[in-house]
Amino acid sequence: MPDIASVKSALTRQRIETPSWAYGNSGTRFKVFAQRGVPRTPQEKLDDAAKVHEFTGVAPTVALHIPWDKVEDYTALAKHAEDRGVRLGTINSNTFQDDDYRLGSICHPHAAVRRKAVDHLLECVDIMDATGSKDLKLWFADGTNYPGQDDVRSRQDRLAEGLSEVYERLGEGQRMLLEYKLFEPAFYTTDVPDWGTAYAHCLKLGEKAQVVVDTGHHAPGTNIEFIVATLLREGKLGGFDFNSRFYADDDLMVGAADPFQLFRIMYEVVRGGGFTTEVAFMLDQCHNIEAKIPAIIRSVMNVQEATAKALLVDRAALGEAQASGDVLGANAVLMDAYNTDVRPLLREVREESGLDPEPMAAYRRSGWAERIVAERVGGEQAGWGA
């Protein structure tokens with residue numbers, strides 16, 4: 001059986017990045033339901049993120065989205081984060097909310113639009129320099145809706161050209177993380193639709209380019225843990241965007257739809273040596289009807305619980321069963337770990353780290369929810385416009 005002390009040690013080292021946009025108003029393309037106390041500025045998003053870290057102890061960085069989190073002075077924004085006990089993390093680009101990008105951004109048929117998109121990505125690298133971020137995360141809504149609309153191969157050539165220019169701009173210790181998505185908003189072809197396409201581009205670019213696995217970006221029934229295992233084996237897994245979906249990319253709380261899948265993914269991470277700072281664990285979620293901060297705390301806890309179960313897999317017993325062809329025995333080893341109630345273990349880990357053993361209850365007692373409702377009056381709430 002795994003040594004409990006080593007399991008606890010691993011859990012204290014885990015880091016889960018929260019996204020700035022999850023603290024703002026969000027919804028579907030039909031409606032955004034505003035909530036009281038939602039941040040009005042990037043600084044207030046960081047204030048909320050600091051509360052998540054205060055009560056979980058494992059969420060010390062906050063991902064930014066440009067231009068949603070654009071400010072005049074990024075050094076000052078980094079100082080604001082530091083003063084509250086967190087740091088600025090991954091810089092996410094936005095090439096999908098401009099009228100010029102109707103036919104694509106970096107893959108657009110017109111050179112002027114491609115130039116605009118690439119310049120934005122280069123601006124994001126400048127922001128990385130100012131904030132000390134090591135990761136630039138790229139997701140493109142590029143694609144086509146109808147056969148014949150554009151040349152599929154030419155769009156891949158444009159993609160490769162744009163990525164190459166941005167890659168060459170990366171500094172020492174900086175990475176490009178390329179995300180893929182099965183569909184939406186392009187319904188005939190998507191220019192980065194799967195891990196194979198992302199992997200092929202990253203392989204050609206070089207060591208600084210790696211693949212991001214968004215757990216909601218796959219067809220139903222896709223074996224995501226196989227993708228994770230393969231990318232780890234090839235040294236190309238850069239990180240995760242954790243969320244859940246029932247139909248398409250719902251961006252629900254991670255572990256809400258299929259906690260067993262999350263466990264299986266985390267086991268492959270542990271098995272493949274991906275439980276390191278080189279694999280970024282980030283939430284990418286929109287909390288449309290539930291309270292923002294408690295939902296993010298719960299999401300962090302869900303990742304922790306899946307990780308704890310993955311660390312408890314008796315790998316020696318599993319290896320023996322696999323080597324002997326004991327199908328049911330091997331499956332039972334995994335199921336034993338998955339069925340373990342790890343909440344008492346995590347409570348111990350938090351107490352030993354000087355944290356409240358129950359993050360959700362601690363947040364409720366803190367009075368932060370009531371304070372932000374009272375103080376954040378007026379101004380323009382941050383959020384997704386729909």
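**Exercise 1.** Find how many helices and strands the protein chain has.

Solution. The protein chain holds 14 helices and 10 strands. Here helices (H or I, at least four residues) and strands (E, at least two) are DSSP runs, numbered from the N terminus. This is a predicted model, where local features need pLDDT of at least 70, side-chain atom pairs count only at pLDDT 80 or more, and totals for chains, interfaces and linings use all residues. Residues are numbered from 1 along each chain as its sequence is written, and side-chain values use heavy atoms, with hydrogens and water left out.

**Exercise 2.** Work out the strand order of the open sheet and its edges.

Solution. Start with the order: 8 strands run 1-2-3-4-6-8-9-10, with parallel pairing. Two strands pair if DSSP finds at least two bridges between them. Next, look at the edges: strand 1 (18-19) and strand 10 (280-283) each pair on one side only.

**Exercise 3.** Describe how strand 4 pairs with strand 6, and which helix packs there.

Solution. Strand 4 (residues 135-138) and strand 6 (residues 175-179) are parallel, over 4 bridges. In strand 6, L178 is the bridge partner of L138. Helix 4 (residues 111-131) packs on the sheet and touches strand 3 (87-92), strand 4 and strand 6; touching means contact, with heavy atoms within 4.5 Å.

**Exercise 4.** Find what share of the residues is buried.

Solution. Buried means under 20% relative accessible area (1.4 Å probe, protein chains only).

Conventions: Axes are lines fitted to C-alpha atoms, for helices over the stretch in contact, and angles run from 0 to 180 degrees between N-to-C directions. Buried means under 20% relative accessible area, exposed over 50%, partly exposed in between (1.4 Å probe, protein chains only).
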